[in-house]
Amino acid sequence: MADFDLVQFDLDGTLIDSVPQLAEAINDMLASLGHATQTVDAVRHWVGNGADMLVQRALTAARGEAPDAELHRHARGLFDEAYAGHADGALVFYPGVLDTLERLRSAGKRLALITNKPYRFVPGILAAAGLSSHFELALGGDSLAEKKPSPAPLLHVCERLDVSPARSLMVGDSENDVLAAKAAGMAVAALTYGYNYGRPIADSQPDWVLDDFAALVPLLRI
């Protein structure tokens, strides 16, 4: 068990399963470019390093080779346009997420959101989920000059909210979350059910490995 004032959360693969929406957008993009669509399971393994890498992996799989910079820029624009129509539709929360977030708030924990998803999509997702008021601060992958696995977003949140990294816990599902937290001098709890490119999250050696989101309640002494 541990005592923290601030809990910083990843979004995709931690709070919501966004792969269905991402897969729809990726396949809209691929179809626009004349390529065959990809399976949801394939897209699931490509998520976690931000939209640029997701588009890169999808194009490489569809074409059999990596795209050049011009094609990547064009495809990224198509993806963003498609995802804008899918991002906040039919959100799927992992079990225990909504109840646990409410319990943390009721217990006086401060909450922040740190995602590598472009920020333009974040407010709509939070509004659709009824979570707009839950987080004191939310950052997207393009909110700062660096994104996870850089520690910069996590440290930025600590500075803005005037909380020491030693009193903050990062909660995520991928190696990026673990690396960012460790570099920030911050403890990290990692969920086993999210997106980690097919590798066990335990391999990244987070401080805690959780199978169930609700396990944060005893971990945080609530």
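**Figure 1. The largest pocket and its lining in this predicted model.** The largest pocket is lined by 13 residues, among which Gly-194, Tyr-195, Asn-196, Gly-198 and Arg-199 lie nearest its centre. A pocket is here an open set of points on a 1 Å grid over the protein atoms alone, with protein on both sides within 12 Å along at least five of seven lines, whereas a cavity is a set of points where a 1.4 Å probe fits but cannot get out; lining residues have an atom within 4 Å of a point. The volume of the largest pocket is about 150 Å³, where grid points are joined across faces, edges and corners and a volume is the space filled by probe spheres set on the points. Its lining divides into five nonpolar, five polar and three charged residues; Ala, Val, Leu, Ile, Met, Phe, Trp, Tyr, Cys and Pro count as nonpolar, Asp, Glu, Lys and Arg as charged, and the others, Gly among them, as polar. The model is predicted, with local features needing pLDDT of at least 70 and side-chain atom pairs counting only at pLDDT 80 or more, while totals for chains, interfaces and linings use all residues. Residues are numbered from 1 along each chain as its sequence is written, and side-chain values use heavy atoms, with hydrogens and water left out.

**Figure 2. The largest cavity and Lys-117.** The structure holds one cavity of 30 Å³ or more, and about 250 Å³ of space lies in the largest cavity. Of the 22 residues that line this cavity, Asp-12, Val-47, Gly-48, Gly-50 and Lys-117 lie nearest its centre, and the elements giving two or more residues to the lining are α3 (51–63), α4 (69–84) and α8 (175–183). Helices (H or I, at least four residues) and strands (E, at least two) are DSSP runs, numbered from the N terminus. The lining of the largest cavity comprises nine nonpolar, seven polar and six charged residues. Lys-117 itself lies in the loop between β2 and α6 (122–129), and it counts as buried because its relative accessibility is 6%, where buried means under 20% relative accessible area, exposed over 50%, and partly exposed in between (1.4 Å probe, protein chains only). Not counting residues up to four places away in sequence, Lys-117 touches, among others, Asp-12, Leu-22, Tyr-83 and Ile-125, contact meaning heavy atoms within 4.5 Å.

Figure 3. In helix α5 (residues 97–106), Val-97, Thr-100, Leu-101 and Leu-104 are buried. They lie on the same side of α5 because they cover an arc of only 100 degrees around the axis, the arc being that of the directions from the helix axis to the C-beta atoms. The buried residues of α5 pack against β1 (6–9), β2 (110–114) and α9 (216–219), while the face turned away from the buried side carries the exposed residues Asp-99 and Ser-106. Just after α5, Gly-108 takes a positive phi of about 90 degrees.

**Figure 4. Met-170 in strand β4.** Met-170 lies in strand β4 (residues 168–172) and is buried, with a relative accessible area of 0%. Although Met-170 and Leu-154 are 16 residues apart in sequence, they are 8.1 Å apart in space, C-alpha to C-alpha. Leaving aside neighbours within four places in sequence, the contacts of Met-170 include Phe-9, Leu-154, Ala-181 and Val-188.
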